[in-house]
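Here is a walk through one model, strand by strand and then helix by helix. Keep the structure open as you read.

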Amino acid sequence: MNETTRHLAEIDRVIHEPGRLMIAALLFGVEEADFLYLQHETGMNKGTLSSHLSRLEEAGYVEITKTYRGKIPQTLLRLSKAGRQVFAEYRKKLKKGLQM
Amino acid sequence: MTDLTADYIKRPVRYNLIDGVDEMLIGFLFLALPLLAHVANVAPEGSVWQWRPLLLIINGVLLVLILVSRKLLKQLITFRRTGYVKYRDSKIKGMIGAIVGLAVATPVMVAIYRLWPPPQRERHLILISSLLWAAFYTYFFIYKTEMYRTYRYVVVLLMAIGPLAVYSIFGNVRDISTLSGAVMGACFLISGVITFWSYLRRTHPADAEIEDETK
């Protein structure tokens, strides 16, 4: 296995899925954001976004907090420390893999 | 793919300026400060409006009013329509920016005061400040937001030449620099109102249950 293939083979599959990649990239630039913001930016429907978030939460990459804004329920999302690390690593590996 | 992620990472920064709230509030501040300076200029000798501590207090109140208004507008309109974002703490970045800004601005100001005598100085200061504000507007409200709309370029043009045009027309007015500042404020305010209006037209308050989807 050459260097290029190794970089690409080591890519994290959870993050690599386009929908989850969008979510991780959006959360990478912020401290936290709510469900509505992610829905607005990604253009996904509630069900799809929810299932991607559950998958990211299972992997330990996203932390989900349920709270209230006044009387309205609000779901806050943030990348965990592991999530940040994996996303940064993913970008690095992909860049190396595509450049070589 | 890497470019795609870079674009998504930048989106929250763009989102911060999507609603025109910051433009409107900067415009309001820029209009209020020259108005205050004008009142102090035209007030009779010994008037309370010429008492400097009062002007400082009013400036402080204005600043608080603007910060509170921003928070309210974001909470009541933006967060309800397109979602809430908390940005990562960038105090160190801000401090570095302020130090670099001061380090650049101080020698420039000293040079301007030494090189140009008073009649020319005011004209040059107005020109430099209007070009700087036009550059600031272009960077933050066009480049960062990537909202390449025609009215924004008209605003840039007005910012760059407006204050100097005002100076050329009303050069003999006593407080010409405050009038030029007000032109800048009007540019920000008009741009902010157009952006805000277009944001309200494009978006609608979300359903309450939209927030609570993750299991």
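**Strands in chain A, helices in chain B**

Strand E2 (residues 62-69) of chain A pairs with E3(A) over eight bridges, in the antiparallel sense. The model is a predicted one. E2(A) and E3(A) form a hairpin, with two residues between them. Look at A:Gly70 in the turn: its phi is positive, about 70°.

E3 (residues 72-79) of chain A is also joined to strand E1 (residues 30-34) of chain A. Here two bridges do the work, and the strands again run antiparallel.

Now turn to chain B. Two packed helices are described by the angle between their axes and the distance between the axes. Helix H2 (residues 21-42) of chain B and helix H3 (residues 52-82) of chain B have axes that come within 10 Å. Those axes cross at roughly 160°. An angle over 145° counts as roughly antiparallel, so H2(B) is roughly antiparallel to H3(B). The crossing of H2(B) and H3(B) is right-handed.

Which residues meet there? H2(B) contributes B:Val21, B:Leu25, B:Phe28, B:Leu29, B:Ala32, B:Leu36 and B:Ala40. H3(B) answers with residues including B:Leu55, B:Ile58, B:Leu62, B:Ile66 and B:Leu73. B:Ser69, B:Arg70, B:Lys74 and B:Thr78 in H3(B) take part too. The residues of this contact divide into 12 nonpolar, two polar and two charged.

Note on methods. Residues are numbered from 1 along each chain as its sequence is written. Chains are lettered from A and ligands numbered from 1 in the order in which they are written. This is a predicted model: local features need pLDDT of at least 70, side-chain atom pairs count only at pLDDT 80 or more; totals for chains, interfaces and linings use all residues. Axes are lines fitted to C-alpha atoms, for helices over the stretch in contact, and angles run from 0 to 180 degrees between N-to-C directions. Helices (H or I, at least four residues) and strands (E, at least two) are DSSP runs, numbered from the N terminus. Angles under 35 degrees count as roughly parallel, over 145 as roughly antiparallel, 65 to 115 as roughly perpendicular and the rest as oblique. A crossing is left-handed if the near helix is turned anticlockwise from the far one by less than a right angle, and right-handed if clockwise. Two residues are in contact if their C-beta atoms, placed from the backbone, lie within 7 Å. Ala, Val, Leu, Ile, Met, Phe, Trp, Tyr, Cys and Pro count as nonpolar, Asp, Glu, Lys and Arg as charged, and the others, Gly among them, as polar. Two strands pair if DSSP finds at least two bridges between them.
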